[in-house]
Amino acid sequence: MNRYAPIIMRLGIVLGIGVFLTIVRPEFLTMNNLINVARQSSLLFLVSVGLTITILGAGIDLSFGSVLTLSACILGTLLKTDSFFLAILAGLAVGACCGFVNGALVAFIGLPPFMATYGMLWIAQGLAIMFTKSEIIYGFPDNFRIFGVGYLIGIPVPIIIAIILFGVLYFMLIHTVLGRHIYSVGANLQVARLSGIPVKRTQIITYTLSGFLSACAGIVYVSRMNAVEPAIGDSLLLPALGAVAIGGVSLFGGEGGIGNTFMGAIIMSFVINGMNLIGMTSNWQSFTIGAMVVFSVLIDQLRAEKFQTL
Amino acid sequence: MQHTSDTILEFRGISKDFPGIRALNNIDFDLKKGEVHALIGENGAGKSTLIKILAGVFPPTEGQIYYKGEKVTISSPKEGIDLGISVIYQEITLVPYISIAKNIFLGREPHRKYLPFIDYKRLYRDAEKALQKVGSSVDPKAKAINLGVAEKQLVEMARAFSVSAPIIVMDEPTATLTQREIRNLFQLIKGFKKEGISIIYISHRLEEIFEIADRITVLRDGKIVETLNVDEVKDLNHIIRLMVGRNILTFFSRNFLQEKGAIVLETKNLTREGIINDVNLYVRSGEIVGLAGLVGAGRTELVRCIFGVDSHKDGEVLFFGNKIPTNPVKSVIAGIGFLPEDRKTDGLAMILPIRENILMAGLRKIFPFGILNGRKESKIVNQYVKTLRIATPSVMRIPKYLSGGNQQKVIVAKWLCTQAKLFIFDEPTRGIDVGAKAEIYQLMNELVNQGAAILMISSELPEVLNMSDRIYVMREGRIVKELAREEANQEMLLKYAMGSGER
Amino acid sequence: MNQLPFVKTIKSFPSAAFALVFLLIILSFLSDFFWTAENFINLGTQASVLAMISLGMTLIILTEGIDLSPGALMGLCGVVIAVYLHKGMEIFGVALLSIGIGMAVGIVNGLFIGKFKLPPFVVTLGTGGMCEGLALVIAEDSSISGFSESFKFIAYGSIFNIPCPVIILVFLVLFTYLLLDHTRFGTYIYSIGGNEEAVKLSGVNVVIYKILVYGIAGGFAGIGALVMTSRMTAAHPTATIGYEFEAIVAVVLGGTSFILGKGNIFGSLIGAATIALLRNGMNLLGVPTAMQLACVGVFLMLAIIYDSIKSD
């Protein structure tokens, strides 16, 4: 079974959608639009990486949007006090802490991941709003704005960050012992335990990492929009789930990788871009994204069932 | 085999195949009305396969089933129940938070004439009747969760009775009962017989069988050895010989080392409440120690305690003389490998490629800095594939399509990667064909000849006798006998395992 | 160990009951406005709607599932109600429509979860998103208001001095109670959560029951939407997003367990009352909504942890 087959297939899908869109709306293929899509994809990718890792480990992190929001709020507040490094550090630390709590709940208390992270979703959201007193913070120093709107050798920084993260996480998942452990736990927890893999430790690291990565995405978001408000993370859950599921990462764990999410993010962004070009309202877009999530999970399950009966 | 008007159930020529193995071979079995027919045989003889076919869990590969003289097919558990076959499994299937009455009538709740509501009056009344019939004094309105095991079993019997099942199958009914509860059960069974209900009684306890059964069928290796009336049985040994008398393994013999090495594993007073009791054993480098006993004797539970998956209440586990904390992570680091009984769910991650499975346990030892090296991984994997002769076109495939023997080799390779010094095999050749068995034995032989120690759980007596330097027999959570291979034979092992003559 | 009957009864109360009493006492001290008729009417309506959703959620959680779509579903139903009211449809027709849509979405959920065995949280998240999108499309991003006076009766009216929402709730409670405790359906719901294997072995078609459970919950959401829309005299497509969160907390607080097949609707009702009370109290004290939800979130965590530890 070729590991790369699903990714190549999705590359085909991407090309197919691209061709279709170009025919229907030729403005798709303009440089401007393509860079836009690229930026969208990288943002979506950034947001989805943490989720990918928890799903690979046969868990889920429903709280990543709120954790992103919370760390962004803390980041924004501290930035206004001119402490650049402290702000970034604090933001990342907050994300990691939330992730750690999630991991502890799953590993030590044994809560089902969706339940633990669902609770965290609301708690982090609430904390974020409390922290900012529901106000918008805006106007950040120039040196910070580079993350969101800057260019490095002609390429938008968010795309560079996405590429770097891709590289780092790919390396972690495929070339480190930790990465293999995550896959093993996701594939079959009992087998992993019986093979001497430290399951609890792996789970905690997974969730902490997810929180940390959400905070990273938060940095880029804040920088891009030059403003922070507690509603940032609201609409991220479904598109990110969509990116992961459509990309071919199995919700049951152990199958797929960062490359899949990358492809999924591109597909989602193509579809969203297409919907924009056609003039579909954002509400129909929400509907479509919801439907895409449900159907890709359905297809994943049918494929898994077929596998069982072979 | 006589077919009289008394015969309620008949199996003719029933065979059942699983991939690579013929679990049942041309079984002719009949059950008379109002008789208690005992089914005995070793582990893996085919008893549970036979029962599952009867219960409708899966169909036979060949053969026909006749019920009350007519040919039937039982294609689902529901059909089995509808026919009137009630199976009381060892694992009780009751729903904890609904009333006992509802448990008894699950799926058949009586309801009022024209409304969709449950008729509680009738429900409790019928439940009370059924419970009284089986001699249970539990309150039908109480929730099932608070019952003891014996009481739960009685509820299951009440359920079987309430369906007016003409055939009741009992799988090891007395395993967890006290003497008094066993007496009650036998009274109940005698009462059922009078009403014309037939009972298939599976048990290892020969004295009980002699007391309660009318006929005995002995199964061995998926075939019927003999069906006889209870009064035709001369003595215990007669039965045991029927259960066991097969050829000793001739296709493989070990070279046994004269000199054994240091003690690798030792347990002292290992106890886990209600499961294993005061177990003392040791394994030396260069030897294979066999753990014989019946299913439920506690062997798997014992090794799970040793490996650290389950915790133990009392006692210690010593590895090379040092007390080790029992958890799987530490055990693997120390050098213990565990090859579980159920390869497909506990031994291999089916969705990961063979390569990952082989490397899973050993990664931390092979790459102490945490960074992997693809080339080194491939080298190690290919080396084991070659030396163990794992037959697969590619290591990137998933293990699902490998034969049982090759799957086991993958798991052995997994532990070789960790440089394990002690290998715990739980049923090493279950579900593996003869040719591959020889290969696995060869592997085990080489392992110990190179200094490893092996603790082997096996229910195949010839295997135990052929491969072990020493044998421990377990029964009901204790070690009841230690034997050197020269002293042991099949009858002896079975006798100690079943505890005949020691009650 | 024989416990006094009195002690045993107390122990069987869900933790929510104590929380409820505690809150009642505390809040009467903290706010002057608390014990007023106006506040209680307010509270009553809010609690009723939450209770309705919690009833459906109880059924779902009993079967080891979860539903993250009721909030968005209520928004969708509300918007449809508003549109058709404007078109001149009668209350009765609108009510049927709302319940119908609710049940339809619920059945879709049930199909994916029961028949295709997809994980409930993903499915209901997805369908919730779809409902939200649809609601916004129909309402064209704004709220719809301006209903006839007669429609306000549902939320503000009363029969024999009992507020309508309470009457509706009572009917739903009666329905659910009869369903759970007096029909085979109810027995199977408990059994699926307690020991699904046993139910299957008894020949029961588990899939159908799972589908129906989600369908019923969807129908309840439709009824809740009726009351909600009447109360606000406007349909806000996204006002109720996240409502299911409070319902889930209410159910868990009320003693229904995710894994054991144990629980009952009265616990959920007490839980709903507690949560509604909590929100009401925090509103009176001027606590911002977000912090309220964060508190509820903490409640949820504690309740689940307690549940987990208790069942070990």
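**Ground rules.** I number residues from 1 along each chain as its sequence is written, with chains lettered from A and ligands numbered from 1 in the order in which they are written. As the model is predicted, local features need pLDDT of at least 70 and side-chain atom pairs count only at pLDDT 80 or more, while totals for chains, interfaces and linings use all residues.

**Entry 1: chain A against chain C.** I looked up who takes part, and found 31 residues from chain A and 33 residues from chain C. Contact here means C-beta atoms, placed from the backbone, within 7 Å. On the chain A side, α5 (113-132), α11 (237-247) and α13 (282-309) each give two or more residues. I see the largest share, 12 residues, coming from α13(A). Helices are DSSP runs of H or I with at least four residues, strands are E runs of at least two, and both are numbered from the N terminus. I sorted the chain A side into 21 nonpolar, 10 polar and no charged residues. Nonpolar covers Ala, Val, Leu, Ile, Met, Phe, Trp, Tyr, Cys and Pro; charged covers Asp, Glu, Lys and Arg; the others, Gly among them, are polar.

**Entry 2: strand β3 of chain B.** I checked residues 36-41 and found 6 of 6 buried (20 or more other C-beta atoms within 10 Å of the residue's own, all placed from the backbone). B:V36, B:A38 and B:I40 cover one side, and B:H37, B:L39 and B:G41 the other.

**Entry 3: its neighbours.** Pairing needs at least two DSSP bridges between strands. I find β3(B) parallel to β8(B) (residues 198-202) over 4 bridges, with B:H37 partnered by B:I200. β3(B) also runs parallel to β9(B) (residues 215-220), joined by 5 bridges, and there B:G41 stands opposite B:L219.

Terms used
Two residues are in contact if their C-beta atoms, placed from the backbone, lie within 7 Å. A residue is buried if 20 or more other C-beta atoms lie within 10 Å of its own, exposed if 12 or fewer, and partly exposed in between; C-beta atoms are placed from the backbone.
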